[in-house]
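Please examine the structure before reading the answers.

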Amino acid sequence: MTKLILLRHGQSLWNMENRFTGWTDVDLSDKGKREAADAARLMVDEGLRFDVAFTSALKRAIRTLWIVMDEMDLMWIPVERTWRLNERHYGALQGKNKREMAQKFGKEQIHTWRRSYNIRPPALDDNDPRHPRHDPCYQSLPRDILPGTESLEDTLKRVLPYWHDRIYPTLQCGRTVLIAAHGNSLRALLKHIEGISDEEISGINIPTGIPRVYTLNEDMSTISVRYLGNPERVREAISGVANQV
């Protein structure tokens, strides 16, 4: 049996301020750092270890992974970073307060932009300094693949090639994999792994800092899946994400 662990980064500074973050490279809050350490302890208590880790190009996910590896004495584990595991790009909403945007556009519109499968928020202009083509992190990538906005469908389309080329073959080798990433890049993966419909995925919320563990058969079919930790705490964390406005 092989295990796959999905871990959304701990609370970021902009999560704390209730702002749309997307590809903006903000760090963890103090609470987020504690959540990352708690995630490590949950895995240790479960007797879990991982052989290789994958993460995004954004520091909130990278730092979450660093904290987990440090707490678990696994700093030597191979790590791959990729922009393909970045958070969904929220376009012109990035940096904006969610409650203020709900007052401006209406709660229903904000919910549609946040949770629908194939509807994109308003795009950033190419000349906007927030556009990733101005970020040195992505200077080696073709400019035409860098998004000014994304739907969840777009996010899945950029995540899947990396899943098929790098992550899935690693799992097939029998190695336990940890993916430290973001709410929407992980929702996209979860949709693919679990075969969730376009309609149902809008109701799926992933809490920060709580490992979701898949036990897989040799043919990569799922034997079991669950969040680690106290079920009531997990439910409260998921509800907190769902009710965020």
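Q: Against which helices do the buried residues of α5 pack?
A: This is a predicted model, in which local features need pLDDT of at least 70, side-chain atom pairs count only at pLDDT 80 or more, and totals for chains, interfaces and linings use all residues. Residues are numbered from 1 along each chain as its sequence is written, and side-chain values use heavy atoms, with hydrogens and water left out. I110, W113, R114 and R115 are the buried residues of α5 (buried means under 20% relative accessible area; helices are DSSP runs of H or I with at least four residues, and strands are runs of E with at least two, numbered from the N terminus). Through contacts, defined as heavy atoms within 4.5 Å, these buried residues pack against α4, α7 (183-194) and α8.

Q: How is the packing of α4 with α5 classed, and why?
A: Helix α4 spans residues 98-105 and helix α5 spans residues 107-115; their axes lie 6 Å apart, at an angle of about 120°. Axes are lines fitted to C-alpha atoms, for helices over the stretch in contact, and angles run from 0 to 180 degrees between N-to-C directions. Angles under 35 degrees count as roughly parallel, over 145 as roughly antiparallel, 65 to 115 as roughly perpendicular and the rest as oblique. The angle therefore makes α4, relative to α5, oblique.

Q: Which residues of α5 make the contact with α4?
A: By class, this contact has five nonpolar, one polar and three charged residues (Ala, Val, Leu, Ile, Met, Phe, Trp, Tyr, Cys and Pro count as nonpolar, Asp, Glu, Lys and Arg as charged, and the others, Gly among them, as polar). From α4 come K98, M101, A102 and F105. From α5 come K107, Q109, I110, W113 and R114.

Q: Which helix gives the most to the lining of the largest cavity?
A: A cavity is a set of points on a 1 Å grid over the protein atoms alone where a 1.4 Å probe fits but cannot get out, and lining residues have an atom within 4 Å of a point. The largest cavity holds about 230 Å³ of space, and R8, E87, Y90, K98 and N184 lie nearest its centre among 20 lining residues. Both α5 and α7 supply at least two residues of this lining. The most, three residues, come from α7.

Q: Which helix supplies the largest share of the lining of the largest pocket?
A: A pocket is an open set of points with protein on both sides within 12 Å along at least five of seven lines. The largest pocket has a volume of about 340 Å³, and of its 14 lining residues K31, E35, T208, A237 and V241 are the closest to the centre. The lining has four nonpolar, five polar and five charged residues. Its largest share, four residues, comes from α8.

Q: What is the phi of M220?
A: M220 lies in the loop between β5 (212-216) and β6 (222-227). At 12% relative accessibility, M220 is buried. Its phi is positive in a residue other than glycine, near 75°.

Q: With which residues is A40 in contact, leaving aside its neighbours within four places in sequence?
A: A40 is found in helix α2. A40 counts as buried because its relative accessibility is 0%. Beyond those sequence neighbours, the contacts of A40 are with V68, E71 and M72.

Key:
Points joined across faces, edges and corners; volume = space filled by probe spheres on them. Buried < 20%, exposed > 50% of the residue type's maximum accessible area, 1.4 Å probe, protein only.
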